[in-house]
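Hello,

I am passing a structure on to you, and below it you will find some notes on what turned up. Please have a look at it before you read on.

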Amino acid sequence: MKKNLFLILFGVTIIVFASIRIASNNTIYYYTTTEANYLATTSNERIKLGGFVVSDSVKKENLGITKFEITDGNVTMQINFDGFIPDLFQDNMGVILDGYFDDGIFYSDDMLVKHDNEYISEDGEVYNVENYKK
Amino acid sequence: MISSIGIILTWFGFLNLIILFISSNKNLFQTLVRVNLLIHFLLFCILEIALFLDDFSLYYIANHSAASTPPLYKFASLWGSLDGSILLWNLVLSIYFYLYIKFYRASVELYDIKIFASILLFFSGFTIFSSSPFSGCIQLASIGCQDFTLLPFQDLVTSESGRGPNPLLQNHPLMAIHPPILYLGYIGLVLPFVIATSELFNKHKDENWIKIAERATYFPWVFLTAGISLGAAWSYEVLGWGGYWAWDPVENVSFIPWLLATAFLHSSKTQIKEQTLINWNYVLACLMFLSVIFGTFITRSGVLISVHAFSNGNIGTYLLIGLFIFSFLFIFIGIRNIEYFKTSNKVENLLGRSGFFVANNIVLSASALIVLIGTIYPIFYESFFSRQLTIGRSFYDILIGPLLLILVYLMIFSTKISRVNLDLKTWLIGYQNELNVSLLISIILTFYFRASYKFVLTIFGSVLLVIIIGKNIVKRYKKTKLQGSYWTGQISHLGIGIFTIGLILNVTQSFSNELIISTGDIVNFGDKEFIILPPYEEIKEEKNVINLPIEFEDQEKNATLNIFKNSSQQAISSPAVFRSIESDTYVTIKVIDDDKFKLIFRENYGIFILWLGLGISSASFLTRMRK
């Protein structure tokens, strides 16, 4: 009985350890534009980038490529989006984009529109869409 | 009016459950359980009636249905969002409560009734104290309703039109079938929990509890298999949900109980036949239900980002309390029974039934643990390092893939499993022909698909499995008088074998391409030729549909883009799927720009084989009916 319990605990430990090792090598991080700032010119890693769409920055180009800027209140970034544009997408809307940086521009093909209008940055400051508009 | 009736009836239901919980009258409980089922059935009907009458004075209906919603989706709106789906949850629990006292009751004590009643009390408590689908609207929003009341007979306001259901939920008729089927499986796992805890709580336990628990797990398992398969079929038809399986948290938490239930269906056999693994069976029987509550907590509390956008609310805390209560019950009863667990026999023959089933249980519960870690890793990471992340698919591919392969190889031996050790040498000689044939088939397929070693290993194992079990079924099904449950196992294994062939074809062979086309173009994709016809727009009451007809051989199918009115969500693309046994061609509209279209063509191999396998596994219950 005790031997079995020991074996089970041993097995569980191995699985937990291996999974966490593998999990930490297969993660896709969420960044705010401030956090991603240093990545923009240094990395091509695939990440998720969150922020608010800057007013009047949305430009539609040929064949569904949409260019716009997003911000978290501190840093603004240029987005080149090639994919489905959700109906809800509009100025000041919070979005999470899946993609990668190339030459300081973020290329994305997948967009998640945040349902709430509040965005909390890492330092705990709340950016409200309505307030942010000004 | 409907709001008040619903709320008062909910209170009656709650009162009825309290009486059931307190009363120690051994003749009364049958009536009370019937009354409970009746009340929950009535609540379900009342909300359906309100949905069809477009009663927008109800908060839930104003926010999750609309006058223009088609009837099928109005019907399904009942489980389209949290409050309503708890109503369905409670109805399913009540159905199982009734089935329990009718078919699965062994004890003479009333502990089982009390445990079951407390579980139901817990879940219906939520609709009374926190949020109810019957709560009335007291303050309007621009569309729909802003604020609600949980009390009856208030002055309610009625909004003019409803918000309508989430577009993703009114895009496919499976919305009406998949959630109830899945619930019947998911919630049904309450039965083994109640049976195991109440029987072990009794001073004089019925040694048959494991037999009853096994029987009671089987039908929920069938529904869970079918429910998960239907969900996969649905997400295959709707773009953006990652094909048929995306390792999304909500998918994961339906998969964990499935893995545990599958493990239990095997390990319980060893206790029934050889009196082994009693303690482990108790743990599994309880973990199934605890993983159901845990899964609901994970997905409904808003601690995770998921494509299944569920509303947040205070249900998270509520479920967490429940999880603690029921876990405490499980641990408490487990500790009380340490002496009883010591009566369990040792597993001696590692190549006999017990040995194989132990191996099977190790693989299945390890898989469950890995899926669990993958699901909760982001939560822990975020709380320690305050940084959000998701886990990529390759995590599961690396860890779960090999485990599934081990299972396939274990299943090959399932035809001849018995108490005594299997003699590998005679086995190899006995199945020489089958081994040669599947080796030949896998060599041919490997050359045909120019595939890797993973493909070879998987295809060899699964072809061998299909051949051996197929032959076993054809040769022995009519002749022998083996139990129905033996054949259930065999047919499930056959289904899994076929499923694995489809899966490995799909994972390794599929390819896709993004093409920009104009109407009238002829598109060559793979070795197939498609003609793109002029698009046309349909204007329906609840949505605008842009259809792009595509011709392939003699078939014409539409790739469509659905733009829902009256709602604040994205346009949804439905693919044109040209099916064949070997592979599907799957065409979706990505972007429309004047007369140009950007289309995604995807050649999906093995999809038909995959569904066939899942269908066979789900249908294995038919043999269970054979006495």
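Which helix gives the most to the lining of the second largest pocket? It is α1(A), with twelve residues. This is a predicted model, in which local features need pLDDT of at least 70 and side-chain atom pairs pLDDT 80 or more, while totals for chains, interfaces and linings use all residues. Residues are numbered from 1 along each chain as written, chains are lettered from A and ligands numbered from 1 in written order, and side-chain values use heavy atoms, without hydrogens and water.

The pocket first. A pocket here is an open set of points on a 1 Å grid over the protein atoms alone, where a 1.4 Å probe fits, with protein on both sides within 12 Å along at least five of seven lines; lining residues have an atom within 4 Å of a point. Of its 47 lining residues, the closest to the centre include A:Leu5 and B:Trp280. By class, the lining has 34 nonpolar, nine polar and four charged residues.

Now chain B. An automatic or database assignment divides chain B into four stretches, among them domain 3 (409-509) and domain 4 (511-608). The centres of these two domains of chain B are separated by 38 Å, taken over C-alpha atoms. Six residues of domain 3 of chain B are in contact (heavy atoms within 4.5 Å) with six residues of domain 4 of chain B.

Enjoy exploring!

Note on methods
Helices (H or I, at least four residues) and strands (E, at least two) are DSSP runs, numbered from the N terminus. Ala, Val, Leu, Ile, Met, Phe, Trp, Tyr, Cys and Pro count as nonpolar, Asp, Glu, Lys and Arg as charged, and the others, Gly among them, as polar.
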